[in-house]
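Subject: Structure for you to look at

Hello,

Here is the structure I promised you. Please open it next to this email and follow along as you read.

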Amino acid sequence: MTTIDRDNSEIATLVRAAQKGDGDAFGALVERFERTVFAIAMRRLRSYADAEELTQDVLLQAFTKLDQLREPAAFGGWLRSITVRMAINRAVRRPADVATEPEVLAATVIDNREPGDKVLDREREEEVRDAVQRLGEMDRQTLEAFYFGGQSLVEMATRFDAPVGTIKRRLHVARKRLAKHVGDPVPL
């Protein structure tokens, strides 16, 4: 008996047991084929999150339709065909991504907040900005670079000629000092 025949025999045994309600047998099938399903989904969808979600959907579909599989040794091919079909369906139904400039996106966003909430938010923003200005030079530069400048920790490490760990510590300390100036803790 060849290795392929032995594998097919093991798969057929697991499928038959799973068809009779053995959850552990189906779990063994999942362990054996999950990576294959994910690889097919990833190749078709080109999105890690979508491939993960599709993998779960395919395995759930296989579990619910397992009783329809007539040839247990063909489980691998059957599962692959389910994966391909579901990936094609998902790709066709998924709306196309549309690239949008940030300015255009910001102009089209509708603000559904109450007028009073808007005023409070503006006041809070002013209070935070004033508090940032009252901080020491290093704290202010660190917070401005991260929150207002959108710089990553790595970019800040290069800009300030300091290790990333030091930048993290500076951010932590600056946040704490800012919270003292603002009054109540600031969710930054």
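Start at the loop between helix 2 and helix 3, where Arg 46 lies. This is a predicted model, so keep that in mind throughout. Arg 46 is not a glycine, yet its phi is positive, at about 55°. Is Arg 46 buried or exposed? It is exposed, because its relative accessible area is 72% and the cut-off for exposed is over 50%.

Now go to the loop between helix 8 and helix 9. Asp 161 sits there. Its phi is also positive, near 50°, and Asp 161 is a residue other than glycine. Asp 161 is exposed, with a relative accessible area of 72%.

Next, the whole chain.

The chain has nine helices and zero strands. Read from the N terminus, the order of elements is α-α-α-α-α-α-α-α-α. How big is the box that the C-alpha atoms fill? Along the principal axes it is roughly 80 × 40 × 30 Å. The radius of gyration is 28 Å, whereas a compact globule of 188 residues would have one near 16 Å.

Thr 2 is in the segment before helix 1. Thr 2 is partly exposed, at 45% relative accessibility. Val 109 belongs to the loop between helix 5 and helix 6. Val 109 is exposed, at 54% relative accessibility.

The surface is next. The accessible surface of the chain is about 12,900 Å². Carbon and sulfur atoms hold 52% of that surface. Of the 188 residues, 28% are buried.

Now look inside.

In soluble globular proteins, nonpolar side chains tend to be buried together. Here, the largest nonpolar core has 24 residues. Leu 29, Leu 66, Phe 75 and Leu 79 touch the most other members. Which helices supply at least two residues each to this core? They are helix 1 (3–19), helix 2 (23–45), helix 3 and helix 4 (75–93). Helix 2 gives the most, with eight residues.

Pick out Leu 66 and check its surroundings. Set aside its neighbours within four places in sequence. Leu 66 is then in contact with Val 15, Ala 18, Gln 19, Phe 26, Phe 75 and Trp 78. There is also a second, separate core of 15 residues. Val 132, Phe 160, Ile 167 and Ala 174 are among its members.

Helix 7 covers residues 137–148, which is 12 residues. From first C-alpha to last it reaches 15 Å, close to the 16 Å expected at 1.5 Å a residue. Which of its residues are buried? They are Asp 139, Arg 140, Thr 142, Leu 143 and Ala 145. What do the buried residues of helix 7 pack against? They pack against helix 6 (115–134), helix 8 (153–160) and helix 9 (164–182).

Take Asp 139 as the example from helix 7. Asp 139 counts as buried because its relative accessible area is 9%, and buried means under 20%. Leave out residues up to four places away in sequence. Asp 139 then touches Ala 174 and Arg 177. Ala 174 is the residue named above in the second core.

Last, a word on confidence.

The chain averages a pLDDT of 86, and 94% of the residues score at least 70. Among the elements, helix 3 (residues 48–65) has the highest mean pLDDT, at 94. Helix 5 (residues 102–108) has the lowest, at 74. Where pLDDT is low, the predicted coordinates should not be read in detail.

Best wishes

Key:
Residues are numbered from 1 along each chain as its sequence is written. Side-chain values use heavy atoms; hydrogens and water are left out. pLDDT is the predictor's confidence in each residue, from 0 to 100. Helices (H or I, at least four residues) and strands (E, at least two) are DSSP runs, numbered from the N terminus. The expected span of a helix is 1.5 Å times one less than its number of residues. Buried means under 20% relative accessible area, exposed over 50%, partly exposed in between (1.4 Å probe, protein chains only). Contact means heavy atoms within 4.5 Å. The radius of gyration is taken over C-alpha atoms; the globule rule is 2.2 Å times the number of residues to the power 0.38. Accessible areas come from the Shrake-Rupley method with a 1.4 Å probe; for residues, only the protein chains shown count as cover. A nonpolar core is a set of buried Ala, Val, Leu, Ile, Met, Phe, Trp, Tyr and Cys residues joined through side-chain atoms within 4.5 Å.
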